[in-house]
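The sequence and the structure are shown first.

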Amino acid sequence: MLGATPATATQRTCFRLPLVCVAWTITCSLLVVLPSDSASAKSKPAKAPRPEPELKVLELKVSPNPYTVSAGSLEFSAVVQLPKDLDGATILEVSSLVSSLSKTSIRFLSLRKPLESSGATPISTEPPKVSVVLTWDGLDHTKSPAEGGTYHFELRAKLLSNGEKGPRTLMVSWPKRGTLEVK
């Protein structure tokens, strides 16, 4: 070893270099694959559930169910609870999407109702309630009679305010979902 030539030293270095690279690769791979306590502590915290909005659909009745297209219209009767403070809202919109299981037959129903804004609000512990009725004539989006089968519906309420670019959504209720039978 005392008489090592530069060529021998280079050979040893070239032999050690791949071993160092392999060791470094294995170490990095283990760090990536194996979770550490600090890495798991940095994971996203569980989201708190969203609070229920003050605008609520309290009751929903669908009649008649089962529905026959040739027998007239189907009614979605809803009771909507408004928040105590309307915060500038002037319109209540109640809408429902009715769709077949295959999504080949759909119909969107909507009704906008102006809200009464009284200057002197009576002192009441109960939030105001509004009754709304949406009607479906049994026709789909192509104006053809809906085919028989099971249909899904989703009804929700929105509070809107009039803005300079048109109505603006202020609050949306959680949806009420269900199914109905069309004959």
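## Aromatic cluster and core

In this predicted model, a single aromatic cluster is formed by Tyr67, Trp136 and Tyr151. The count of aromatic pairs comes to 3. In one of them, the ring centres of tryptophan 136 and tyrosine 151 are 6.0 Å apart and the ring planes stand at 55°; the pair is therefore tilted, as stacked would need planes under 30 degrees apart and edge-to-face over 60. Tryptophan 136 belongs to strand β5 and tyrosine 151 to strand β6 (residues 149-163), so this pair ties together parts that are 15 residues apart in sequence.

Leaving aside residues up to four places away in sequence, leucine 180 touches Val62, Asn65, Leu74, Phe76, Trp136, Gly149, Thr150, Tyr151 and Phe153. Both rings of the tilted pair, those of tryptophan 136 and tyrosine 151, thus belong to residues in contact with leucine 180.

## The chain as a whole

The chain contains 2 helices and 8 strands. Along the sequence they follow the pattern α-α-β-β-β-β-β-β-β-β. Of the 183 residues, 26% count as buried. The chain exposes about 13100 Å², and carbon and sulfur atoms supply 59% of that area. Among contacts in the chain with a separation of 6 or more, 67% are between residues 24 or more positions apart.

## The sheet around β2

An open sheet of 3 strands has the order β1-β2-β5, and its pairing is antiparallel. Strands β1 and β5 are the edge strands, each pairing on one side only. Neighbouring strands of this sheet are turned against each other by 20° on average, direction ignored.

Strands of a sheet pair through backbone hydrogen bonds, either parallel or antiparallel. Here, strand β1 (residues 56-63) pairs with β2 in the antiparallel sense over 7 bridges. Within that pairing, leucine 60 stands opposite alanine 78, and valine 62 has phenylalanine 76 as its bridge partner.

Valine 79 stands opposite serine 131 of β5.

How far is strand β2 enclosed by the rest of the structure? Of the 8 residues of β2 (residues 74-81), 6 are buried, so the strand is largely enclosed.

## Backbone details in the loops

Two cis peptide bonds fall in one loop. The bond from serine 63 to proline 64 is cis, and proline 64 lies in the loop between β1 and β2. Another cis bond joins asparagine 65 and proline 66, and proline 66 is placed in the loop between β1 and β2 too.

| Peptide bond | Omega |
|---|---|
| Serine 63 to proline 64 | near -10° |
| Asparagine 65 to proline 66 | about 15° |

Two lysines have a positive phi. Lysine 103, in the loop between β3 and β4 (106-114), has phi near 65°, a positive value in a residue other than glycine. Its relative accessibility is 55%, so lysine 103 counts as exposed. Lysine 143 is found in the loop between β5 and β6, and its phi is likewise near 65°. With a relative accessible area of 56%, lysine 143 is exposed.

Methods. Residues are numbered from 1 along each chain as its sequence is written. This is a predicted model: local features need pLDDT of at least 70, side-chain atom pairs count only at pLDDT 80 or more; totals for chains, interfaces and linings use all residues. Side-chain values use heavy atoms; hydrogens and water are left out. Buried means under 20% relative accessible area, exposed over 50%, partly exposed in between (1.4 Å probe, protein chains only). Helices (H or I, at least four residues) and strands (E, at least two) are DSSP runs, numbered from the N terminus. Two strands pair if DSSP finds at least two bridges between them. Contact means heavy atoms within 4.5 Å. Accessible areas come from the Shrake-Rupley method with a 1.4 Å probe; for residues, only the protein chains shown count as cover. Axes are lines fitted to C-alpha atoms, for helices over the stretch in contact, and angles run from 0 to 180 degrees between N-to-C directions. Rings of Phe, Tyr and Trp (its six-membered ring) pair if their centres lie within 6.5 Å; planes under 30 degrees apart count as stacked, over 60 as edge-to-face and the rest as tilted.
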